[in-house]
Amino acid sequence: MKRILAMLGMVLLCSLSAVAQNRQITGIVVDAENKGVVAASIEVQGKPYGSITDVEGRFKMSVPEGKVTLNISSIGYVTKSVVVQENDTKISVVLAENAQELKDVVVTSFGVKKQKKALGYAVGELKGEELTKNKEINLGNALQGKIAGVNVSAPVSGPSGSSRVVIRGATSASGLNQPLYVVDGIPIDNSQQGNAGMWGGADKGDGMSSFNPDDIASMSVLKGSAASALYGYRGSNGVILITTKKGKSGTGLGVDFSTNSTFNTPVSLLNWQDQYGAGAPVNGVAQRFTNLQELRDSYYFAWGDRYDGTPSLALDGSTKPYQAYGKDNVKNFYRTGYSFSNTLAISGGNETTNFRLSFGNTKDESIMPGTNFGRNNVSLSLNSAPNKKISIETNAQYISEKSHNRPYLNDSPRNASFPTTFLTPGTDIRWLSNGFDANGGEADYFGANTYQTNPYFATQSPLNDDLRKRFIGSAKVNYNITERIYAKAVIGIDDINYEYTEIEPTGINYNPGGSYENRVEGRTEVNASGFLGYKGDIAKNLSLDAFVGANRQHNRYSGIKMKGNNFIVPFKYFYGNTQPDKTEKLFSESEVNSLFYSADLGYKDYLYLSLTGRQDWFSTLDPSNNSTFYPSVSTSFIYSEVIELPEWMSYGKIRAGWGNVGGALPDAYALALTYTAPDGQTDSLGQPILGVNGETVPNRTLKPYNVSTIEFGFENTFFRNRVSTDLTFYRKKTTNDITDADISLASGYRTTKINVGEILNQGVEFAINVKAVKTPSFNWSIGYNFAYNDSEVIGLSDKITTKTLEGNRDSRASVVLEKGQPFGIIKAYDYLRDSKGQIVLDTNGRFMRGDLINAGRGVAPMAMGFSNDFSYKNFTLSVFVDAKFGGSIYSATNQLGTRYGLSEDTVTGREGGIAVSGHDVNGNPVNTTVSAYDYWRSYSDVTSNFVYDADFIKLRAVSFSYNFPKSYLSKTPFQSISLAFSAHNLWTIYDKVPNIDPESNYSNSNAQGLERASMPLTRNYGLTLNVKF
Amino acid sequence: MKNKFIKIFCIAIVGAITLTSCDKGFEDMNTNPNALTDPAVKSMFTLAEIYVDGQDFSNTRGNNIYAAQIVQQFSSLSGAGSKYTYSSEYSGALFGESYGKGLNQIFQLLSVVKDTPENSNMIQACRIMKVFMFQKLTDTYGDVPYFEAAKGYNGNVFAPKYDTQEAIYNDLLKELDEAGDALDASKAFVGNADLYYQSDIPQWKKLANSLMLRVAMRLSKVNPAKAKQYVEKAFAKGVFASNDDSLVLQHDAGPQGVKTNPITSSWVRNDLFGGEANTKFSKTFIDQLKNNNDPRLRIYAKLEATGDNNPANQQGLANDAKEFPGGDKKLFSDPNTSTVLRLDAPTLIMSYAEVEFILAEAAVKGWNVGASAQKHYEDGVKAAMQVLTIFGDKVPAVSLAEYNTYMTAHPFKATGTEAQKIEQIITQKWIVLLFNGFEAFSEYRRTGYPVLVPVNDPLGETKGTIPRRLIYDQSELITNAVNYKEAISRQGLDLMTTRIWWDKQ
């Protein structure tokens, strides 16, 4: 690694020394409205000199002595030639807009840039500034609400955690359903390192948290199968193409510095009752504890006596007035978090070579005390085109990420949020703040509830650490064999070193001996590909842009996992200090070979046809059955070029695309039966023992599942391109989904994986952009996007109709797939009802738990984003609102809050009970008074009462920035300075869930819609300074 | 010039692609370098032997909670076996574990060694071991998958057909007969990898024949002629003749799991550490031993609270009890943790005593088994007392004098009715089958002995009668519905009261 960096550095120095010769000129390229034209290319006619304009349309370049002619071009504008006289050093050029052409060029599969108008499928785009405007540390989360059809949610685990990005709905019951990420043409790993499940755990992050948003130039989202077909078996969930920032040729040396500080404040949404203390009623009489042990056993159970201010026993053992102390427990326990990030980028280049080198540093202190995250990024892009024939592009990134004490979620052990959520109102959480007993173990405040950990002990003890070091590199060589024929070779690597340590500290009450687990692993993917392409006219009015290519993908994963128990010397946390329990070798290796082609035909710049095909061969499949073909076809017709349209309509296009892609390639070694020591035990009575490995029958015929999408789209612009719209309809069908099918136990196994499932997603996406006001000093632009995705599980297998994705920890609700229902239904208990649907009471007047019913869907089918950007002179204001509708969430916080007598509702009936009338199972009338304790506890058994509409509208982000005027800066070394203030989650405009944020999923798995004792919502305020030298 | 560039380019591409591939071929890459694809067959055989008598899962749920409580060896307050209630997870435990562990291991091993003549003895041993497991399965549930069973991998049979118990029994007898004959002392076996008999082939032959006695005698109600034929045949071929022949599986003391005593493992986990099972010795069992001054009681039982193993102080829990009389469960008897309830206590898979009791019964029926019923009975009781030395010497062994005293006090009722004799024999067998509740349950159903007072609990599913079988694992309704329903339509509803084929009224 060091050697590679050193070599790259040397190459860089050599290229720098080549800069500057002849004479310098500077200039600006503007459009008809006097706004700078970005990325216009300037070439000296007949000479190998060139440059590109910056974001303000400015350029600086060297030209040969004497009079020269410059050709200035930019997509969307008419190319213009300008003569520069011998003595001219400054020029100004106005480019006329080319109404024939939309400005956009988009990045498509394998990094191929295409004119947007030629595409027969939808591609979502996001520019780098969109990502950095609001300073999201996590790149995945930065996509939220920005692109129609891209549904982003994040577990409530903070910025170092993972994000769930699902494009046009989940395609598979067993797959991850997240898109493939491709950075500068190289597929990268986005493995989830670990998630909270039914039994808790920490969100250990995913592959996307590695990236520094400041290094991203743009993102393209290939949503449908037609767009992603060239990625074959990896295209089922769409592809996100990321292009990193590059240097610009002929611009000399530029320095960009950006620094951001953000404060993250916890927002308490808990609104528990503050009138009743701890304890369960005895014979109907509310209690007040005089025995500390009993009080501690009931620390979360607020069915006790009414607060009256008289001296009583408190949880810390002292005697205090009997009253509520816990209103601000959330605020008092969590802290104000703080993120600090800096990026320094140096870029430049001469006529043939450019580079960009950036250093990024991020430090994040979570609102969870003791939890922090740090990231360092080094990124280098080095590009050279020494002559017209050859161009070379290289990119390298080195990233190190370090996390300490990622918070535990859902289940209670080590989860500081659990007691913080459920302490009875009579306890101030700070009384627990000495979390350690005299021996250094966990202080006992919770009595018999040993699996509930003192939050101060949890956050002040070492619980987990992880370190990820990652190198992502790519090199591309393009060689123009003739003017029309080119060849290209690309090689890329994503190499990850990961180490994870998980500790149960000495003295933790549920396992005082402690435990230690360490996992060290390496994960490498290498892709090498070659292309041969043709670009040019093949007949009059008929253009062809086509290539054939081959790719070899090689993956290797190797690691070791060690676990030990009972620290021999307490508080010394390393493996050698434990009684070793289990050591496990982790390994897999696989390869995929591919051949592919792509052909784009264009007729007269208004009718386009695109065909692609890819054949994949998999090493992990049976050799007799190891190949699949993935085709696509799409077409685009710009009818506004052919038909006379009314004047208010500037542009009209219709498109259609179909493609067939795959997903969830079976793992290595799943074909053959293997043998291993049973339960890790290698001998009995001195004789070695060996058993059949696993309970799943290896299925030799298993293949990746199949997704085909058909889509139609309509793109229009109106009023001289002031208003643009894009409307898409799609139908995406998964077939041969891989189902973990249960088989008869008498077969000797429990399950087999078979290609039988079918899932349908269909929906509509709509986006509109309006340049509402466009004047030299004031601009207002509006963007709105909307997506609706309706999913249906058509079938799981011929034998099963329901498959549980995950159960709630208390086994009171679950997220399932059910035939005929949308993907990810929340199942919860209804009231016990009679045949007429009337609620049945027990003879004591309590509710009873009835059938499991479908209580909602975990993923919102409808999502939208609404942005407004205002600029007045040097001020810019951006306001971003997003919303989701139609989803639900099962809130165990509310269910337990009711069961534990914490919910405000449970105050009702505490004095005198609640009168109920109804009938029992036998139809006999029940007219009685039920105590609040019995009433609310039986109400809490009916868990469908706690499945809430998770609809929300949020003022997600506001940013306000100021660009210092050039006139102020002319005497300083600065080219530009801007200062921006941004805020996140300022206001939840609309939501219906009590006590928690509607976006409180604890995991990013397919089982969306489960919440339990979540960390609070955070509100962020940040200040960003950008300086350019 | 152009051509040269193309050449260089092609070389570069090929080079790049070659660089990324390793030495392994594309197809060879899919062989897991960290697991065995060619198993060490001896080690598989050793594990198969351990699996034959079941693991913790089936012994806890199937034996300790169901079978052993139904025959009133054990008892617990809410035990499904004591109260005849239905618990799907307990009732199906033997079904899932037998096929998933032992039978799958045996059939996979057979598929690996099937064409290797040098493993002939191993193949015969596997056929014998398979009979142990299938007999227990079919005796417990009735018709079960047999001919298509455990073929999930070898044959991709994911929903095997259920076979009639009669067809299964015919094949079990055939397998024992053939395998016993095919065992060949002149051929290699597995040495000490055979935990049962250290590869002593004559011992294995005796095992096959002794097991044939067990299988054949089970047909005494439904097909007495066939029972007689095979009992006499087995006896003639040679059966266990002393406690040295008994099939005893030794266990390690830990770590708890695969190789520890499966009865103990579950007891330690569920009971002794304050779990909910609260399984105790049944009052029926303790009283039987206590009232007859049985010297075995001090070895079998002790009080949980004090560890006191004084027979006079032992107290069993009545199977119909809804709470512990006196309120303290610790004053009731557990299996003795210094003898039978150790993690490394051996398992008595098939005892010489059992063989003698089968022969005694055969003699009562007038079949040709060498000696008189009395001789077989007395040898059986003596062997049943003396075999307890396998549980160590922490508690004094039963002396010959104690045996004589016992036999004098409870002589064989040589002049009694056939029913009285059989009651006496089977009651003794019931004692030696402690920890093998499944076999005791089968023998109870076949003979009606020992005489048990049924429990009539309001939650019971049998209207106060002793169950005649256990209910299939309910996953079969989903994963093997067609074959399951076919079996039910043939055999009768999937209830605890349905009688299986050999359990003729």
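This is a predicted model: local features need pLDDT of at least 70, side-chain atom pairs count only at pLDDT 80 or more; totals for chains, interfaces and linings use all residues.
The contact between the chains involves 53 residues from chain A and 61 residues from chain B. On the side of chain A that touches chain B, at least two residues each are supplied by several strands, including β27 (485–504), β28 (515–539), β29 (542–565) and β34 (675–676) of chain A. The largest share of this side, five residues, is contributed by β30(A), a strand that spans residues 579–603.

An open sheet of four strands in chain A has the order β3-β2-β5-β6, and its pairing is antiparallel. Because β3 (50–52) and β6 (80–84) of chain A stand at the edges with a single partner strand each, one side of each is left without a neighbour in the sheet. On average, and with direction ignored, neighbouring strands of this sheet are turned by 20° against each other. Within the sheet, β2 (residues 41–44) and β5 (residues 68–73) of chain A run antiparallel and are joined by four bridges, and S41(A) has S73(A) in β5(A) as its bridge partner.

Another set of antiparallel pairings in chain A involves β54 (residues 976–991), which is joined by 11 bridges to β53 (residues 952–963). In this pairing, N963(A) stands opposite S978(A) of β54(A). Strand β54(A) also pairs with β56 (residues 1017–1028) of chain A, again in the antiparallel sense, over nine bridges, and here the bridge partner of H984(A) is N1020(A) in β56(A).

In chain B, helix α14 (residues 352–364) consists of 13 residues and reaches 18 Å from its first C-alpha to its last, which is close to the 18 Å expected at 1.5 Å a residue. Since 13 of the 13 residues of α14(B) are buried, the helix is largely enclosed by the rest of the structure. After α14(B) comes G366(B), a residue with a positive phi near 85°.

The peptide bond between Y449(B) and P450(B) is cis, with omega about -5°, and P450(B) is located in the loop between α18 (437–447) and α19 (476–479) of chain B. S199(B), which is not a glycine, has a positive phi near 65° and lies in the loop between α8 (165–182) and α9 (201–217) of chain B. Because S199(B) has 18 C-beta neighbours inside 10 Å, this residue counts as partly exposed. A positive phi of about 50° is likewise found at N293(B), also a residue other than glycine, in the loop between α12 (283–291) and α13 (297–300) of chain B. N293(B) has 14 other C-beta atoms within 10 Å and is therefore partly exposed.

Note on methods: Residues are numbered from 1 along each chain as its sequence is written. Chains are lettered from A and ligands numbered from 1 in the order in which they are written. Two residues are in contact if their C-beta atoms, placed from the backbone, lie within 7 Å. Two strands pair if DSSP finds at least two bridges between them. Axes are lines fitted to C-alpha atoms, for helices over the stretch in contact, and angles run from 0 to 180 degrees between N-to-C directions. The expected span of a helix is 1.5 Å times one less than its number of residues. A residue is buried if 20 or more other C-beta atoms lie within 10 Å of its own, exposed if 12 or fewer, and partly exposed in between; C-beta atoms are placed from the backbone.
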